[in-house]
Amino acid sequence: MPEIRQLPSHVADLIAAGEVVERPASVVKELVENAVDAGATAIVVELRRGGMGLIRVSDNGCGIAPDQLPTAFLRHATSKLRGPEDLGKIGTLGFRGEALAAISAVSRVEIRTRRREDPAGSALRLEGGVPGDVEETGAPEGTTILVRDLFYNTPARLKFMKKDSAETAAAAGLMQHLALSHPDISFKFLKDGQEALHTPGDGRLDSAVYAALGRDFARTLLPVKGGGDGVTVSGFITQPLQGRGSRSMQTFFVNGRFIKSQLLTAALEEGYRNQIMKGRFPGCVLAVTLPVTAVDVNVHPAKTQVKFAQEKAVFDAVYHTVLDCLEETSGTVPPPAKPAGEASNPRGDFFRSMDAKTFREQSSAPPPKRAEARPVWNVEQRGPRLSDIAPPMGKEPLRAPFPPLRQDAPPSVIKSPAQARPEPPAPSESRPAVPAIPQKTAELPGQEALTPPVPAPWRVAGEVLRTYIVCESEEGCVYLIDKHAAHERINFDRLKAGLEPPMRQTLLTPAAVDLGREEAALLLENLPLLEDFGFSCEDFGGGSVLVREVPADLDAADVTATLEEIAGKLRQGRTPAERREGLLHTMACKAAIKGGWKSGPEELRALAAKVQSGEVKYCPHGRPVAVKITKYELEKMFKRA
């Protein structure tokens, strides 16, 4: 067995720093939380090169005494705990006394501070955790800390840092949470000299939400307030129709501390049950307040998770607060209708009130002669194009012919009133109908005759519920085909092969998609990957992405939901291959025919041909595409076998 030895102090400090300081956003979190605990009413955070070059945090708090500056950078040095009994009633954000020591161990730190009662300020410089001498200097009231060259002495951690834009986005997301949890403090966040966030600090949560999360999100919110059993819940929730494609806009605070809690998420979404679309998630900014002795915040190194003493009480408080707000909002009772005799009818030509006797007399009278009614334009629901299902012309002959045009059949879709105008009388002689696709072309030099259609082994009997294709095979079996799953698999295989660049459509008006700062940073990090799938995006600032081009087979109305889902896939994927695989699933699904869409017979036949040939068996998620029902099983259902 190797000899057991105690690690040198500088190695132990580096290990401890690795537990506290994970990235530049971790430094920002620890320093800003200390500023909040110092009683500051204005905090300014500045980052350069994503925090790897410079992190500056300034506040107007109480400051630090000159003789206590060296002690503040020792491990486990804190002004917020005095004894073991204080661990059960923690009411401050920072309390472990490891932040300054961990930060100074992996960077070059300079601090300037002055208390209100001191005539001059004091400064201290540290490099790699080694402090210098305390010097007297001019400084405003409060504390300013500069952190330079983060991880300069820990290359193992330095190589895992992401791009500057991603690190900046992580710090910006953290500043959002801090600004929302303390609306009474004015926060300003600068990145490379540009202001990215500035809250008024007027104590109003709606002002902080407007400044941190944007106007569009703030306009969808409903105020909530409630609680019970010593738990108070207040804040805002989104309207049910404003659900989002991910949980990125769910923000929870417990006693002023931002946390991530599956309990609170479950309570929130349970309140929206049967009131929000499937696959959509509500957003919120909820503050939960309870006694400090009823919650343990010392269960996670990053202090982003807590443990409640009474989980059921917290769950019920959030659930009933959300549910009461939604029921009150959607349960408005319309004003009672006026009696029929008091109803006003200034024109007197429609919506008239009458008794039963008058109605019978007027209905038995011969109807007056009416003018010829105008045609009613009935536009069918347009389904997706067939270009992605059927093979292109000239490469592979179609298996089933298109039905010939009937001269006596009226058109199924009237696109404009001009097409419905009466046409001049046609000549008495009738010309034969010409099929949409001729069965055989003229035998001319340089031309090739089309191959006669080969009868398919399956007969497409129709479609049920506008979702499932019904087919009959030669063996007497019935097949039910999920058209969405089949088309999704076709799209997935086509995108994965990547034989041709994706067709694009340029939006007439570029779409500004609000995703949140971290999700927007993920997309901007992977712009080349998005380009491969037909998207043209750019940074629009404030957590928004400006979209100029989208894939041709993607509905422009689905752009926001698609990018939200893509951001979620990018967050989950560990390797570039996994990220690309996740995007393939999303794009194949969004571009596929949806259940409930009306499909033409050509689309149904093309999908059935792909399935019956064995090319399509499972959707990209592993679900079956077709279900087989034998003749014996059918007869058994009807007690004929």
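The secondary structure of this predicted model comprises 18 helices and 23 strands, helices (H or I, at least four residues) and strands (E, at least two) being DSSP runs numbered from the N terminus. Residues are numbered from 1 along each chain as its sequence is written, and side-chain values use heavy atoms, with hydrogens and water left out. Because the model is predicted, local features need pLDDT of at least 70 and side-chain atom pairs count only at pLDDT 80 or more, whereas totals for chains, interfaces and linings use all residues.

With the whole protein displayed, colour by accessibility. Of the 641 residues, 38% are buried; buried means under 20% relative accessible area, exposed over 50%, and partly exposed in between (1.4 Å probe, protein chains only). Among the contacts with a separation of 6 or more, 68% are between residues 24 or more positions apart, a contact meaning heavy atoms within 4.5 Å.

**First stop: the five-stranded sheet**

Select β10 to β14. These five strands form an open sheet of mixed pairing, in the order β10-β11-β14-β12-β13; two strands pair if DSSP finds at least two bridges between them. At the edges lie β10 (221-228) and β13 (257-259), each of which pairs on one side only. Neighbouring strands are turned by 20 degrees against each other on average, direction ignored.

L221 has T238 in β11 as its bridge partner.

**Second stop: the four-stranded sheet**

Select β17, β18, β19 and β23. They form an open antiparallel sheet in the order β17-β18-β19-β23. The edge strands, each pairing on one side only, are β17 (458-464) and β23 (626-629). From one strand to the next, the twist averages 25 degrees.

Six bridges join β17 to β18 (residues 468-473) in the antiparallel sense, and V460 stands opposite C471 in β18. Next display α12, which packs on the sheet against β17, β18 and β19 (478-482), its direction making about 60 degrees with that of β19. Helix α17 (residues 601-612) touches β17, β18, β19 and β23, and its direction makes about 125 degrees with that of β17.

Select helix α13 (residues 517-525) and helix α15 (residues 559-572). Their axes come within 9 Å and cross at roughly 80 degrees. This makes α13 roughly perpendicular to α15, on a scale where angles under 35 degrees count as roughly parallel, over 145 as roughly antiparallel, 65 to 115 as roughly perpendicular and the rest as oblique. Show the side chains: E518, E519, L522 and L523 in α13 meet L563, I566, A567, L570 and R571 in α15.

Then move to strands β21 (residues 536-541) and β22 (residues 544-551), which run antiparallel and are joined by five bridges. D539 has V545 in β22 as its bridge partner. The two strands form a hairpin with two residues between them, and G542 in the turn has a positive phi of about 65 degrees.

**Last stop: salt bridges**

A search of the whole structure finds 30 salt bridges, each a side-chain nitrogen of Lys or Arg within 4 Å of a carboxyl oxygen of Asp or Glu. Begin with K29 and E33, whose side chains meet at 2.9 Å, N to O. Both residues lie in helix α2 (residues 24-37), four residues apart, about one turn of the helix. K29 is buried at a relative accessible area of 13%, and E33 is buried at 4%.

Return to α12 (residues 483-497), where R489 and D493 are four residues apart, about one helical turn. Their closest N and O atoms are 3.3 Å apart in a salt bridge. R489 is partly exposed at 23% relative accessibility, as is D493 at 29%.

Finally, select E531 and R504, which form a salt bridge of 2.9 Å, N to O. This pair links distant parts of the chain, 27 residues apart: E531 is in helix α14 (residues 527-532) and R504 in strand β20 (residues 504-514). E531 is partly exposed at 32%, and R504 is partly exposed at 33%.

How values were computed
Axes are lines fitted to C-alpha atoms, for helices over the stretch in contact, and angles run from 0 to 180 degrees between N-to-C directions.
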